[in-house]
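Hi,

Here is the structure I promised to pass on. Have a look at it first, and my notes follow below.

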Amino acid sequence: MSRLTIERVVSGYADMEVLHGIDLCVPEGEIVTIIGPNGAGKSTLMKTIFGLLKPTAGRILFDEEDITGLSPDRVVRRGLAYVPQVENVFPSLTIQENLEMGAFILKGHLRDRLQHIYELFPVLGDRQKARAGKMSGGERQMVAMGRALMLDPRLLMLDEPSAALAPNLTATIFERIAAINEAGVTILIVEQNAKESLKLSDRGCVFAGGLKCFEDSGPALLANEEIGRLYLGG
Amino acid sequence: MDALSRIPQLLVYGIVSGSILSLGGIGVSLTYSILGFSNFAHGDTMALGAYLALALLPVMAQLGLPSGSLGPLSFGWDFVASLLLAAVGTSLAVILLDRLLFARLRDTHRITLMIATVGVALALRNLLQFVWGPQPHYYTTTIQRAILIPQLGIRIKPDQIFIVAAAVLLALLLHLFLRYTKMGKAMRATSDNTALARVTGINTERVILWTWVIGASLAAVAGVLVGLENKFITPELGWQMLLSIFAAVILGGIGNPYGAIVGGLVVGISEEVSTAFISTGYKPAVAFAILILMLLIRPTGLLGRRR
Amino acid sequence: MELFIGIVNYLVFFAITAGTYGVLSLGLNVQWGFTGLFNIGVAGFYAVGAYTAALVSGPPPDVWDGRVVGGFELSFVVGLLAAALVAGAVGFLIGLPTLRLRADYLAIATIGIAETIRLVLKNEAWLTNGVWGLQQIPSPLHEPIHQGAVGFVRARPDLAPWLQDLISKAYNWFYLALVVFVLVILYLAMRRLARSPWGRVLRAIREDEDVAAMSGKNVFAYKLQALVLGAMIMGIGGALYAHYARFISPNSFEPLYGTFIVWVMLILGGTGNNKGAILGAFTVWGIWAATDFITGYLPFTAPQAAALRIIVIGVLLEVIVLARPQGLLPEVRRRRHLRRPKKTGEADSPPP
């Protein structure tokens, strides 16, 4: 079954169309990675799915239901979660408060959910009262992912989760992503330097110039010489 | 009397007026940090609160609330009830304004919103003038005896103690709200990063509603307290304080409600103490001088973070 | 016929005031319309211009005057230039600490400077005669024109009364011509500037400061120039007002008349459009006069009527902002050369 289906979506900013009719399918339970150069429309697609940008044409289906143009808080209620690439934590809030905000739409106690996140990212459990603004890049990425997981989303969208992270941290983050996926969460990743990401992806798509130009299984994309030369840095 | 010996007394006045400025400044700061624009109608919102309390006062007395003075204070329970209801009324008025005007401009440039607030300021002030006239109105004509504290060389009225206590209590409540309630945390989150708040699922429209309610309630209380301290209210009351309030907010770091509290006290005390050294006619310019000084040396304010 | 002449005389008076406001509106258009500078202290620059002109061109202190200096009885033109220079200097001083910061700071600082200027006018009686204001400010060429017209009418008693009335008001016609002359000169100059490379940089700054800075422009210097130029024009507006009113006091420069009405004029006319700035001045001043006329028929006290008129202006502003933010005459937008790039860190910048 398809968790997320993008049908011929056209979107962009007021004075500039970025996506010129994208099709994409994210099957349930899989990890899909979108790769492509700067300006290919990867982040625009994420923002459009999440209702931050309104598409001018096309449809977005989540579990077969049309979510095109829904406001972000509605999208969250449907079971999608999104971790932007930058500025993805609330710097003046503590780690625990950041996580609590992830479950804003829920009523009642969050203890079990917080516990679950702290098990996934033990570093966060040790520093619950620390302000997110004071944390390192890797820790922030964990706070952001933890926040997104507070509602047990069915689809987690990650925008360049490894950008600007040291290699050892990148490995940790991807190992966590694999664990989250094991637990049943479908994952859509956007990456520029996507070798790590493709290694654990079921599928990979290549974007260029606002269009999808290539799609294959993750390992096959990794093995493809031309893709490697053009998009994966040789 | 030489200037220095007057300073303790001026400090008292400064703390009293600074408390009121702080309450006014909190609203400006919250609106700025959550909605992203400077609300130049905030002073006139204070005046609205002051006049609503004035209108409610006889109603409360008629409902049977005792109007006899509370201990040494110059007012009774009817006044306290009017104060609280004025806060409610002002909040409703501001929410209505948001629905009619500001919400429709939410996605436009922030300067457009500031222009709109200037228009609101003008219309609101003159609405008060239309209904109540330009002449001063009084909550009470009771003459109050000041408490003399000779050791410190100061005299202070019980009403002034009430003003400071009310401001401290409200600031404390605000702190608890921001720190420990879900909505308070959501307000801080939205202030940090509105776009992220939206993708997190925070209902930012509800956050905005709360921002208006808190800002308007504190403004209304501040307006009534101005009337209590000055002994009269006029439609100009809020506009006259706007510059001081903004100086306080910028001094403390615009967007930071705690900064507004600190800034309010500093500006209030500076304005009063300045009268020991320069002509009273220039008291309003002291706030302006503080503002310019702050912009020159540290535009992010005392407690501000870089934005 | 008398009624007609009465209306004509009123219209001349109306046009002088509206034309003076047109000058202020043109000045604000340089700041806000071209450059996006949020100056809500127009009244301050206006007041500085008026007082400078009055002090440069007016008579020395009278015996009952609180002043000890000023009143140099220099010519109108010198006063006008001095008004522009001093108002421009105030603009320069206020721009220095604020123009590098967000628009909010300039806005609040300009409110502050306008209020502070009013305080100085009230308190520094040695220079300004305090709340009593400056009197007997000469109107340029008033003596020869007025005396000439009156003499002409006296010498011809056979003229129809309406014609006598019209001729004896000749000075107002002269002053209107003067205001229109200044307005036209300023309009032509601003139109030229708007189309010049300098004007294009200002608009680029208004659209996106960062882009303008990235293309190597000294944004601060340009903003300061625009603020000063606008302030100078406002100063000229103040001088025109002082010489016609012949009496000015701190109360002439309250925020309503000095600032808000000018804003409504520019926004209604068309932000960024010089013709719109002038059209807005005449339209809003017409609405203002009409509300005076209408409220006269309503059962309100004088303060109520005054308040009601201001409410109308406030509501008018909101209606324009909501329904027609571009104004009656929208700015003529040429193709944009500069495009906003994405903020750093955002992955979707357009391919180079």
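Across the interface of chain C and chain B there is one salt bridge, meaning a side-chain nitrogen of Lys or Arg within 4 Å of a carboxyl oxygen of Asp or Glu. The side chains that meet in it are those of Asp104(C) and Arg110(B), at 2.3 Å from N to O. Helices H3 (76–98), H4 (103–123), H12 (255–269) and H14 (302–323) of chain C each give two or more residues to the side that touches chain B, and H4(C) gives the most, 14 residues. Helices here are DSSP runs of H or I with at least four residues, strands are E runs of at least two, and both are numbered from the N terminus.

A note on the source: this is a predicted model, where local features need pLDDT of at least 70 and side-chain atom pairs count only at pLDDT 80 or more, while totals for chains, interfaces and linings use all residues. Residues are numbered from 1 along each chain as its sequence is written, chains are lettered from A and ligands numbered from 1 in the order written, and side-chain values use heavy atoms, without hydrogens and water.

Back to the contact (heavy atoms within 4.5 Å): 41 residues come from chain C and 42 residues from chain B.

As for chain C by itself, it has 14 helices and zero strands. Its C-alpha atoms fill a box of roughly 85 × 45 × 40 Å along the principal axes. Of its 352 residues, 55% count as buried, that is, under 20% relative accessible area with a 1.4 Å probe, protein chains only (exposed is over 50%, partly exposed in between).

Cheers
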